Amino acid sequence: MPWPDENQAARFLNQAALGATVDGITRVTTLGYEGWLAEQMAAPPVHNLYSIAENVGWTDPAWMSTDVGLDNLLWFNLFQADDVLRQRVVLALSEIFVVSVRNMPIPYGHIAVLAFWDLLAQHCFGNFLDLLEAITLSPAMGTYLSLHGSAKADSTGRHPDENFAREVLQLFTIGLVKLDIYGEPVKDAQGNPVETYNNATVTQLARAFTGWDFDATSVSFLPSTTADYVNRPMTFFGDRYDTDPKWVLDSGNTITAAPGRPALRQALQFIFNHSNVGPFVAKQLIQRLVTSNPERNHVARVAQAFNDNGQGVRGDMKAVLRAVLLDPLARHVGLPDEQQARRGKLREPVLRLVHWGRLTNVVSNDGTWNAGNLSTSDKLAQGPMRAPSVFNFFRPGYAVSEGSGTMLAPEMQITDQSSVVGYVNYMLDVVQVGLGYSDAERIAPQYDLDGQDWDALAASPEQLVDRLNLLLTGRTLSQNTLSVVLQAVRAAQATPNVFGVGDVSQARNRVVVAFFLIMTSADYLVQR
């Protein structure tokens, strides 16, 4: 693969990281794609959000039934963490293995969500089976999909809860229909898709998941309750476990291991070994990181890396992520222009804001990082760990209309008149004064990063716009967009006392105008 130039490095970082920066581009052009990935994968997680919440007092009983600290720490982490590949992958995984504070009705539910983010960060470069087991035993997942407390059937008419059993198949691992290695549905003799499971399959799997509950002596809304239970895996209660014979996915896959962790691991192993898991995971990760419409050969190569990392290991997430990001189709190696134009995705609103914050070196004036809930349509219409349902903010199979044919655009599911106008209006404020509710707690842009003084660069509108074109898009803005932005930047003048922040220089207004117009342009909003 050709060594990356700065444009290619910027495009790579806009897929694999939390946006391109000057230092990031230098690192990629120095180490190459493979070297940068190796360096990032070797680095441990920078932040443990549960520990930070504990240290600053957000695990105090006063906050047990609130979401105080959730948004603060997630935005702090996304704006500040140096392990950018890890955090980008965690964001992607959080949109596949969904839990949300919107349905977390337990003491310290918001802290459970932070612990779930930490869990994804811990396992995202490990083995998929270990990741799946950790997710299954997470108190946040146990609450969100009602696995905690699920017990064997009894004479009162109680039956094991089937919620997690159904979603771990449909949304997390194999999907509804059998897939070939290319991620395309396998058809029967009549040309119909072949279902991967039915209600009996779900019922059997639900029985295999019985007996798990919080590792806590008391979980109730009492002042004595502490938050630490949400940071531990659920524990096994043998008297609630269904000991009768049961199978997973196929009647030949019977649970023979001892009750508890061994039986759970065996059940998950049966799922993990299903032929669908490789292409299913491959397609979703390609969609989250590279393009909404993965080519079949790209899916197949990633699925093959999942099936065997080259050393006989199945489910190696490092190998999977390398295959996602280094594939010639991801890097546009040898693709004609018309195919390059079809490979892309709508940038998630969260990633747009995070990239801006990293380029402008935002700081929290009071240290609390109180950006608030930005998932409303008058702001971003998306917020980390605030999905409205287990299907995330947008589904991987979403298409704008029948007229779009087979072209998918998942992020368009949260794109409508309200969210488009809301994003533009919100960013108009943000690029000028930052995020937050008051000057004291403002998350304010410094407009300097990597030694780059944006105001100084604004002395040359052409250089300013070119630098932003590089960092935000890998220099893919159309000539028409560049012309419009340059014209507006040249026309920007000093203004008095905007938003109560005092006089604003011509240079700063040029910077603000350039950021705003590029980040609201169609050329930027579609990541290529």
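In helix 10, the buried residues are Thr201, Val202, Gln204, Leu205, Ala206, Arg207 and Ala208. This is a predicted model. Helix 10 spans residues 199–208, and seven of its 10 residues are buried, so the rest of the structure largely encloses it. What do the buried residues of helix 10 pack against? Their partners are helix 9 (163–170), strand 3 (247–248) and helix 11 (261–272).

**Helix 12 and helix 13**

Helix 12 covers residues 277–289 and helix 13 covers residues 296–307. The two pack at an angle of about 125 degrees. Their axes are 8 Å apart. Helix 12 and helix 13 are therefore oblique to each other. Their crossing is right-handed. On the helix 12 side, the contact is made by Val277, Gly278, Pro279, Ala282, Lys283 and Ile286. Helix 13 contributes His298, Val299, Val302, Ala303, Phe306 and Asn307. By type, the residues of this contact divide into eight nonpolar, three polar and one charged. An α-helix has 3.6 residues a turn, so residues three or four places apart point the same way.

**Aromatic pairs**

The structure holds 17 aromatic pairs. One of them joins Phe12 and Tyr33, with ring centres 4.8 Å apart. Are these rings stacked, edge-to-face or tilted? Their planes stand at 50 degrees, so the pair is tilted. Phe12 lies in helix 1 (residues 6–16) and Tyr33 in helix 2 (residues 22–42). The pair therefore ties together parts that are 21 residues apart in sequence.

An aromatic cluster is formed by Phe97, Phe128, Phe164, Phe172, Phe209, Phe272 and Phe306. Phe306 also takes part in the contact of helix 12 with helix 13, on the helix 13 side.

**Accessibility of single residues**

| Residue | Relative accessible area | Class |
|---|---|---|
| Phe12 | 0% | buried |
| Tyr33 | 4% | buried |
| Val421 | 47% | partly exposed |

Buried means under 20% relative accessible area, so Phe12 and Tyr33 both fall in that class. Val421, at 47%, is partly exposed.

**Val421 and Ser377**

Where does Val421 sit? Its place is in helix 18, residues 417–433. Val421 and Ser377 are 44 residues apart along the chain. Their C-alpha atoms are separated by 8.6 Å.

Notes:
Residues are numbered from 1 along each chain as its sequence is written. This is a predicted model: local features need pLDDT of at least 70, side-chain atom pairs count only at pLDDT 80 or more; totals for chains, interfaces and linings use all residues. Side-chain values use heavy atoms; hydrogens and water are left out. Axes are lines fitted to C-alpha atoms, for helices over the stretch in contact, and angles run from 0 to 180 degrees between N-to-C directions. Helices (H or I, at least four residues) and strands (E, at least two) are DSSP runs, numbered from the N terminus. Angles under 35 degrees count as roughly parallel, over 145 as roughly antiparallel, 65 to 115 as roughly perpendicular and the rest as oblique. A crossing is left-handed if the near helix is turned anticlockwise from the far one by less than a right angle, and right-handed if clockwise. Contact means heavy atoms within 4.5 Å. Ala, Val, Leu, Ile, Met, Phe, Trp, Tyr, Cys and Pro count as nonpolar, Asp, Glu, Lys and Arg as charged, and the others, Gly among them, as polar. Rings of Phe, Tyr and Trp (its six-membered ring) pair if their centres lie within 6.5 Å; planes under 30 degrees apart count as stacked, over 60 as edge-to-face and the rest as tilted. Buried means under 20% relative accessible area, exposed over 50%, partly exposed in between (1.4 Å probe, protein chains only).
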